[in-house]
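Please look through the sequence and the three-dimensional model shown here, and then read the briefing that follows, which goes from the whole chain to single residues.

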Amino acid sequence: MSDTPIRWGILGTGGIASVFTEDLLSLPGHRVVGVGSRTEATAAGFAERHGIARAHGSYADLAADAEVDVVYVATPHPMHYEPARLCLEGGRAVLVEKPFTTSAADAEALAALARDRGLFAMEGMWTRFSPLVRRLGELVADGAVGEVSAVYADFSIAPAYDPASRLWSAELGGGALLDLGCYPLSFTWPLLGPPDTVQATAAPAPTGVDANTGILLGYRSGAVALLHCGLTGDSPHAATVVGSKGRIEVAGPFYRPVSMTLYRSGAEPETMTAELAGHGYTYQAEEVARCLRAGLTESPLLPLAESVEVMRVIDRVRERLAPA
């Protein structure tokens, strides 16, 4: 596979599928060869718009397409597990849009299936592959800010209330936590690892999904992470990593940053910038390609165990938000 293009299938035809496909088409060594939808008409329309050769009128047909190396699963949150399972059982590697699933149990099941079949699988948490986020991890690992004592990150938006939309509908996996909260959680993970304590509070929307959620993670080291996600107001979307010798401020949006500044006592602030390629999804696509060409079944940058553990924390947060 090292000398041949990575052949992608796109499962789903919504906005995120289009954006990711545009980024794929800009990359050398990548080809989009098929798309699958629940209807032939929808798949054909997407294929025509993006110049894709084969349109499949079912997810199962895409999963069975032997010309596809890896499938990007771009369906709404509650529809991640079943299509990803179909693809793995059909012999296709998968990149599953975040969140990996809607529960830790489903995440564990997908991870186990991928390992059992010897197939590559990864969560499409694009933030983890963004150049400055990776640079931040390197700085922290090298001791640039000393021992990390706190991480702050928030991601809140202000969409119009529409109980039928995916953001507000419980049936569609709505709520701030699943759609937005997974970002600050995943951002924190490489810096502090799994938390020892989880506390949370939230204000519910009329549909019952969480509309404004605060999360406090505690660690035996004494470190804390204060994370916020919401659908009730547009926040700065910034993040800060505080350590014993300094701090790093990541300018918003922290989930696809183009600027961050390192502050250390007795030194001038150091600002680092990056110009992102495409929409910013190219980096996770390149990691998938790197792993496939190397014969890896998981990415060392975002192993399946981490995606499962993040979902466990999300489950724990939801338990604390459930009505008494």
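**Briefing on the predicted model**

Of the 324 residues in the protein, 52% are buried, where buried means under 20% relative accessible area, exposed over 50%, and partly exposed in between, with a 1.4 Å probe and protein chains only. This is a predicted model, in which local features need pLDDT of at least 70 and side-chain atom pairs count only at pLDDT 80 or more, while totals for chains, interfaces and linings use all residues. Residues are numbered from 1 along each chain as its sequence is written, and side-chain values use heavy atoms, with hydrogens and water left out.

**Overall fold**

- The secondary structure comes to 9 helices and 14 strands, which are DSSP runs numbered from the N terminus (helices are H or I with at least four residues, strands are E with at least two).
- Among contacts with a separation of 6 or more, 65% are accounted for by residues 24 or more positions apart, a contact being heavy atoms within 4.5 Å.

- Strand S12 (residues 246-250) runs antiparallel to strand S13 (residues 259-264), and 5 bridges join them; two strands pair if DSSP finds at least two bridges between them.
- Within this pairing, Gly246 has Arg264 in S13 as its bridge partner.
- S13 also pairs in the antiparallel sense with strand S14 (residues 270-273), over 4 bridges, and here Ser259 stands opposite Thr273 in S14.
- The hairpin formed by S13 and S14 has 5 residues between the two strands, and Gly266 in the turn has a positive phi of about 80°.

**Salt bridges**

- The count comes to 17 salt bridges, each being a side-chain nitrogen of Lys or Arg within 4 Å of a carboxyl oxygen of Asp or Glu.
- Glu298 and Arg115 meet in one of them through their side chains, at 3.0 Å from N to O.
- Glu298 lies in the loop between helix H8 (282-294) and helix H9 (304-321), and Arg115 lies in helix H5 (residues 104-117), so this pair ties together parts that are 183 residues apart in sequence.
- Arg290 forms a salt bridge with Glu287, with the closest N and O atoms 2.9 Å apart; Glu287 is buried because its relative accessible area is 5%.

**Glu97**

- Glu97 is found in strand S5 (residues 93-97), and although Glu97 is buried, it has no salt bridge, the nearest side chain of opposite charge being Lys98, 4.9 Å away.
- Lys and Arg count as positive and Asp and Glu as negative, while His and the chain ends are not counted.
- Leaving aside neighbours within four places in sequence, Glu97 is in contact with residues including Ile16, Tyr72 and His80.
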